[in-house]
Amino acid sequence: MNRREFLKTTSLAAVSTALLGSSVFTDVKAAELVDNPPPKKPFDEALKEITGGKAVSDSDKVKLVAPEIAENGAVVPVTVEVELPIEQVKAIHILADKNHNARTMSVYFTPANGKAYISTRIRLAETMNVVAVAQLADGSFIKTQKPVKVTIGGCG
């Protein structure tokens, strides 16, 4: 086989995979979510689901970094750090209090993580508070929040 035939064959294989890939390798769970989206969970309901109804206290041990003004609500950078030893932190949950589904993400930790720190981008539909809740190993919850102004909503 010469170089020209090899390139022709691999190109044909790549195009075939690209065209047939979406119909042959479908993700059933993604299709189910389109037909049956998860129910909307307002902020209070999402917080209760995370905490099991336990009280959440404000704390300066939770550091939340987010922009004061987000030009595009579709990609708002958020960083959360809990200034406690990793053995004391079980999880960090990020919530957006006015999104139709307030629970944005949850990250669970083990001592192998080394530090209770996450950095991500979230979607915000409009101007709202971003809330970071830390779940501690003793079963308690601490939080902090920050208002973020959104000029262009990211959920619609």
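Which residue is the bridge partner of Gln-135 in β9? The bridge partner is Phe-141.

## Basis of the model

This is a predicted model in which local features need pLDDT of at least 70 and side-chain atom pairs count only at pLDDT 80 or more, while totals for chains, interfaces and linings use all residues. Residues are numbered from 1 along each chain as its sequence is written, and side-chain values use heavy atoms, with hydrogens and water left out.

## Strands paired with β9

Strands here are DSSP runs (E, at least two residues), numbered from the N terminus, and two strands pair if DSSP finds at least two bridges between them. β8 and β9 run antiparallel and are joined by eight bridges. Their hairpin has four residues between the strands, and Gly-139 takes a positive phi near 95° there.

β1 runs parallel to β9, with three bridges; Ser-57 has Ile-142 of β9 as its bridge partner. Strand β3 (residues 69-70) is also parallel to β9, through two bridges, and Ala-70 stands opposite Val-150.

## The three-stranded sheet

An open sheet has the strand order β2-β4-β7 with antiparallel pairing. Its edge strands, β2 and β7, each pair on one side only. Neighbouring strands of this sheet are turned by 15° against each other on average, direction ignored (axes are lines fitted to C-alpha atoms, and angles run from 0 to 180 degrees between N-to-C directions). Four bridges join β2 and β4, and Val-65 stands opposite Thr-79 in β4.

## Nonpolar cores

A nonpolar core is a set of buried Ala, Val, Leu, Ile, Met, Phe, Trp, Tyr and Cys residues joined through side-chain atoms within 4.5 Å. The largest has 27 residues, and Val-78, Val-80, Phe-109, Leu-124 and Val-148 have the most contacts inside it. Strands that each supply at least two of its residues include β4 (76-82), β5 (89-96) and β8 (128-136). The largest share, five residues, comes from β8.

Beyond its neighbours within four places in sequence, Phe-109 is in contact (heavy atoms within 4.5 Å) with residues including Ile-86, Val-89, Ile-92, Tyr-117 and Ile-118. A second, separate core has nine residues, among them Phe-43, Leu-47, Val-131 and Phe-141.

## Ser-59

Ser-59 lies in the loop between β1 (56-58) and β2. Ser-59 counts as buried because its relative accessibility is 18%; buried means under 20% relative accessible area, with a 1.4 Å probe and protein chains only. A polar atom of its side chain lies 3.0 Å from the backbone nitrogen of Lys-61. Leaving aside neighbours within four places in sequence, Ser-59 is in contact with Ile-142, Lys-143 and Thr-144.

Notes
Buried < 20%, exposed > 50% of the residue type's maximum accessible area, 1.4 Å probe, protein only. Polar contact = N/O pair within 3.5 Å; in protein donor to acceptor, adjacent residues only side chain to side chain.
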